Amino acid sequence: MATPYAKVYGRFFNKMTDFNLAELDDYTADEMLKGWLYSAIVNVRTSSDLSARNDEDEAFINDLTDNDIELLAMGMTMAWLDQYLNSTENVLQFIGGKEEKYYSQANHIAELRAMREDIRLEMKRLHSYSTYKNSSYFAD
């Protein structure tokens, strides 16, 4: 039984809020989602073969476990966050008058990096838990 990409996207949307994404046309939003999913596929280790997929039908050929879907959604969140970390808005210095109020870019980037590291560690923990849970060595 196949797992549609939309199932992973749904879990991803439960983890983040990006109102800018809702303003995009369907084609652009879908391409961005696929890009984040492909990044997650490369960076996530799951119990399923993630290379077995049909990109035309936007589905994984295998039936992914809830753990696999969660790991992919977390990987997509990291890819989404990377987009903000690598934004020119964070690289360029802002100069404004007294009306504008800017917060420390260094602190903002540090917080984004800390959030990304928290997600990475949670992914690692979830993967380890899944590995131990499914290992015959630890079976009763």
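**View 1. Where is E70 placed?** E70 has its place in helix α4. (Helices, H or I and at least four residues, and strands, E and at least two, are DSSP runs numbered from the N terminus.) What you're looking at is a predicted model, where local features need pLDDT of at least 70 and side-chain atom pairs count only at pLDDT 80 or more, while totals for chains, interfaces and linings use all residues. Residues are numbered from 1 along each chain as its sequence is written, and side-chain values use heavy atoms, with hydrogens and water left out. E70 counts as buried because its relative accessibility is 18%; buried means under 20% relative accessible area, exposed means over 50%, and partly exposed is in between (1.4 Å probe, protein chains only). If you skip residues up to four places away in sequence, E70 touches R11, K15 and L126. Touching, or contact, means heavy atoms within 4.5 Å.

**View 2. Now the whole chain, with its six helices and three strands.** Starting from the N terminus, the elements go β-α-α-α-β-β-α-α-α. The chain has 140 residues, and 35% of them are buried. What about contacts between residues at least 6 apart in sequence? Of these, 68% join residues that are at least 24 apart.

**View 3. Here's the largest nonpolar core, a set of 32 residues.** A nonpolar core is made of buried Ala, Val, Leu, Ile, Met, Phe, Trp, Tyr and Cys residues joined through side-chain atoms within 4.5 Å. Which members touch the most others? They are F12, W36, L37, F60, L72 and M76. Two or more core residues come from each of α1 (5-13), α3 (26-43), α4 (66-85) and α6 (105-133). The largest share, 11 residues, belongs to α4. Zoom in on M76 and, leaving aside neighbours within four places in sequence, you'll find M76 in contact with V8, Y9, F12, L33, W36, L37 and A40.

**View 4. This one shows α3 packed against α4.** Two packed helices are described by the angle between their axes and the distance between those axes. For α3 and α4, the angle is about 115° and the axes are 8 Å apart. (Axes are lines fitted to C-alpha atoms, for helices over the stretch in contact, and angles run from 0 to 180 degrees between N-to-C directions.) So α3 is roughly perpendicular to α4; angles of 65 to 115 degrees count that way, under 35 is roughly parallel, over 145 is roughly antiparallel, and the rest are oblique. The crossing of α3 and α4 is right-handed, where right-handed means the near helix is turned clockwise from the far one by less than a right angle, and left-handed means anticlockwise. On the α3 side you'll see M32, L33, W36, L37, S39, A40 and I41, and they meet L72, G75, M76, A79, W80 and Q83 of α4. Sorted by class, this contact has 10 nonpolar, three polar and no charged residues. (Ala, Val, Leu, Ile, Met, Phe, Trp, Tyr, Cys and Pro count as nonpolar, Asp, Glu, Lys and Arg as charged, and the others, Gly among them, as polar.)

**View 5. A closer look at Q83, found in helix α4.** Q83 has 37% relative accessibility, which means that Q83 counts as partly exposed. Not counting residues up to four places away in sequence, Q83 touches M32 and W36. Q83 and W36 sit 47 residues apart in sequence, and their C-alpha atoms are 9.5 Å apart in space.

**View 6. Next up is α1 packing against α4.** The angle here is about 60°, and the axes are 8 Å apart. The two helices are therefore oblique to each other. α1 passes α4 in a right-handed crossing. From α1 come K7, V8, Y9, R11 and F12, and from α4 come D66, I69, E70, L72, A73, M76, T77 and W80. That contact divides into eight nonpolar, one polar and four charged residues.

**View 7. And here α1 crosses α3.** Their axes come within 11 Å and cross at roughly 90°, which means α1 is roughly perpendicular to α3. α1 brings Y5, V8, Y9, F12 and F13, while α3 brings D30, L33, K34, W36, L37 and Y38. By class, that's nine nonpolar, no polar and two charged residues.

**View 8. Last stop: E58, in the loop between β2 (53-54) and β3 (59-60).** Most residues other than glycine have a negative phi. E58 isn't a glycine, yet its phi is positive, at about 50°. E58 counts as partly exposed because its relative accessibility is 22%.
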